[in-house]
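Biologist: I would like to learn how to read a structure of this kind feature by feature, with the general idea given before the particular case. Could we begin once it is on the screen?

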Amino acid sequence: MNSLERLKEILKNTDDLYLRSPIEEIQPSMNLITDLGIDSLTRITIFYEITDHFEVEVDEEIAASWNTISDVTKFIEQL
Amino acid sequence: MKIVLSDLNQNPETKIPDSLKNSLSDIFPLAEIVIVQSPNNLRKAIVDADYLLGWAAPSVFLKKAQKLKSIFLFSSQIPDSYTKMPFKIRNITGLNAEYVVSYILEVLSNHTYKNTLIIGQGAIGKLLKSKLPKDNLRVITRTPTDELETDYKDFQLEVSKADVIIPCVSLTPDTKGLFENNHFFKFLKEDVLIINTARGELFEEQDLLHFFKTNSKAFYHTDVTVPEPYPKDGALRGLSNIKITNHVAGFGSGIWEKIDEQIKNLAQEWK
């Protein structure tokens, strides 16, 4: 399973997540705010869903630098 | 007893005031009170908290809670996931309904309209119904009880007749589906006014853009968007028939005093 597929699995299991695009159609180039409607709290939610999934402790500040889905999948690849 | 106050809200207009923070130690003199403003601190604080107050925490944080008994949210929406968790949950619905309704009535006062449709009948829908003229008012509710009310099975028919539509529903997978293009937008009048103080997620941005671009007489007035705050260069801001205000409908003068009073009532229960 590649990092994009892994991310989609995590998003499918995230509560209270309402994205502008169906999870199956998410692409690496999508912008988190303009394409998916992800606000700062949702970004944090996704960050902790990922770190809890991988059972790692990482500074949440890194999530503030994410602009696109590609940034999130790169983060996953580094875990 | 450990009480955590979640102060994660990004909106400066609805920031928890110091007066309320200060009064917590008077209300709970024997409790350890932790006020948190960063997600990571909130996540850690929740682990051994007995009670949680304030803005909703991501449910991924609540899954770590070991002792949590009860939550009091300073919002009128309870996240869907919270309802499946084993905590007692309260929120400010009822406390803030009159502010939301005042906001809606103010918007209505600036428009000419005839047939009004309220969708949903929680605290806000009920209060709004009581404030509007009964002539030409319809209310869609799950359990109709009087002549103004109709069932969700008549949704599209009612929507097609309405000059003004005011969603007063919480966000759930069911209500989200109600407002999809094929169920909702294609049935609307070309000059409909939609007032959304419920949740931005009820509508897809693409559906809003398409409808309000092609129907210049229609108008959308909202204080809830996706994301929040809505970007200055967001696509909806490019349309003159869409008006977005800050998310303040539920926070009129005096709301914090009411919340403080509610916390005092809860304190009797929590002690």
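This is a predicted model: local features need pLDDT of at least 70, side-chain atom pairs count only at pLDDT 80 or more; totals for chains, interfaces and linings use all residues.

Biologist: Is B:A45 buried or exposed?

Modeller: A residue is called buried if 20 or more other C-beta atoms lie within 10 Å of its own, exposed if 12 or fewer do, and partly exposed in between, with the C-beta atoms placed from the backbone. B:A45 has 22 other C-beta atoms within 10 Å, so it is buried. For contacts the rule is that two C-beta atoms, again placed from the backbone, lie within 7 Å. Leaving aside neighbours within four places in sequence, B:A45 is in contact with B:V4, B:V34 and B:V36.

Biologist: Which residues does B:Y103 contact, leaving aside its neighbours within four places in sequence?

Modeller: They are B:T197 and B:A249. B:Y103 sits in helix 4 of chain B, and it counts as buried because it has 20 C-beta neighbours inside 10 Å. From B:Y103 to B:T197 the C-alpha distance is 8.7 Å, although 94 residues separate them in sequence.

Biologist: How many strands form the open sheet of chain B, and in what order?

Modeller: Two strands pair if DSSP finds at least two bridges between them. In chain B, 7 strands form an open sheet with parallel pairing, in the order 8-7-6-9-10-11-12. Strand 8 (149-150) and strand 12 (242-244) of chain B each have a single partner strand, so they stand at the edges with one side left without a neighbour in the sheet. Strand 12 of chain B pairs with strand 11 (residues 219-222) over 3 bridges, and B:Y220 has B:I242 as its bridge partner there.

Biologist: Which strands pair with strand 9 of chain B?

Modeller: Strand 6 (residues 116-119) of chain B pairs with strand 9 in the parallel sense over 4 bridges, and B:T116 is the bridge partner of B:V164. Strand 10 (residues 193-196) of chain B also runs parallel to strand 9, joined by 2 bridges, and here B:I165 is partnered by B:I194. A crossover is right-handed if, with the strands pointing away from the viewer, the path from the first strand over the helix to the second runs clockwise. Strand 9, helix 7 (residues 173-178) and strand 10 of chain B form a right-handed β-α-β unit.

Biologist: Where do the side chains of strand 9 of chain B point?

Modeller: B:V164 and B:I166 point one way and B:I165 and B:P167 the other, and all are buried.

Biologist: Which residues have the most contacts inside the largest nonpolar core?

Modeller: A nonpolar core is a set of buried Ala, Val, Leu, Ile, Met, Phe, Trp, Tyr and Cys residues joined through C-beta atoms within 7 Å. The largest one has 45 residues, and B:I165 and B:I166 have the most contacts inside it. Helix 4 of chain B gives the largest share of this core, 7 residues. A second, separate core of 33 residues includes A:Y48, A:A63, B:V36 and B:F61.

Biologist: How many residues does each chain bring to the contact?

Modeller: Chain A brings 16 residues and chain B 19.

Biologist: Which peptide bonds are cis?

Modeller: Among them are the bond from B:V226 to B:P227 and the bond from B:E228 to B:P229, each with omega near -5 degrees. B:P227 is in the loop between strand 11 and strand 12 of chain B, and B:P229 is found in that loop too.

Note on methods:
Residues are numbered from 1 along each chain as its sequence is written. Chains are lettered from A and ligands numbered from 1 in the order in which they are written.
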